[in-house]
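Here is a short report on one protein chain. Look at the sequence and the fold before reading on.

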Amino acid sequence: MRSPAQVVREGPADDPKTPLVVQVSRWDRIKDMGGVLESFVRYVDVPDAGLGLVGPAVSGVSDDPEGQQLWDETVAAWRSLPHETRKRVYLATIPMDDPVENALVINALQRHAAIVTQKSLAEGFGLTVAEAMWKSRPVVASARLMDRRPDRRRRDQPARRGPARPRGLRRRNRAPAS
């Protein structure tokens, strides 16, 4: 790589066989990287699983004024974790100056991931989810969907909750009644 990523982690890189949960998003409050970190720490009880929170280099996104602040907050949250937990989590910013190199790094991360997450507080189905599905990766995404009809709600209102899957799929996946 001509432009190295900035990586925050405790100790050496994980073994390539380590199952990895990855979220690739902007450093933006709406993407809730801190919420992904908190959820992983609280709910993933697999000692050898890791979490990667990855976003663009904060200097490389000119229309994201909160990027640096969110990166700093996420690093601070990571530093507050117990040592053994920090060893399972890494944070990374990927340079944006070479779009091809950036795409290759993101592609490699998503292909290596055991699970790709996309927790968004207001946005719906996005490119990250589509890319992960294309790569046959399981996706864990937020159930919050944005109703884009302007007559239904204002953008600054919380998004309403919707079903995680269409009802037809839910019925098909149920075990037959005994």
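Of the 17 residues in the largest nonpolar core, six touch the most other members: Trp 27, Leu 51, Leu 53, Trp 71, Val 89 and Leu 91. A nonpolar core is a set of buried Ala, Val, Leu, Ile, Met, Phe, Trp, Tyr and Cys residues joined through side-chain atoms within 4.5 Å. Buried means under 20% relative accessible area, exposed over 50%, and partly exposed in between (1.4 Å probe, protein chains only). Helix 1 (33-43), strand 3 (50-56), helix 2 (67-79) and strand 4 (89-94) each supply at least two residues of this core. Helices (H or I, at least four residues) and strands (E, at least two) are DSSP runs, numbered from the N terminus. Apart from this core lies another, of 13 residues, including Val 24, Ala 113, Val 116 and Ala 132.

This is a predicted model: local features need pLDDT of at least 70, side-chain atom pairs count only at pLDDT 80 or more, and totals for chains, interfaces and linings use all residues. Residues are numbered from 1 along each chain as its sequence is written, and side-chain values use heavy atoms, with hydrogens and water left out.

Now the rings. The structure holds one aromatic pair. The rings of Trp 27 and Trp 71 have their centres 4.9 Å apart and their planes at 75°, so the pair is edge-to-face. Rings of Phe, Tyr and Trp (its six-membered ring) pair if their centres lie within 6.5 Å; planes under 30 degrees apart count as stacked, over 60 as edge-to-face and the rest as tilted. The pair links distant parts of the chain, 44 residues apart: Trp 27 is in the loop between strand 2 (20-24) and helix 1, and Trp 71 is in helix 2. Both Trp 27 and Trp 71 are buried.

Six strands form an open sheet in the order 1-4-3-2-5-6, with mixed pairing. Two strands pair if DSSP finds at least two bridges between them. Strand 1 (6-8) and strand 6 (139-141) are the edge strands, and each pairs on one side only. Strand 2 and strand 5 (residues 115-118) pair in the parallel sense over three bridges.

Axes are lines fitted to C-alpha atoms, for helices over the stretch in contact (heavy atoms within 4.5 Å). Angles run from 0 to 180 degrees between N-to-C directions.

| Helix | Lies across | Angle |
|---|---|---|
| Helix 4 (residues 99-112) | strands 2, 3, 4 and 5 | about 155° to strand 4 |
| Helix 5 (residues 127-134) | strands 2, 5 and 6 | about 165° to strand 5 |
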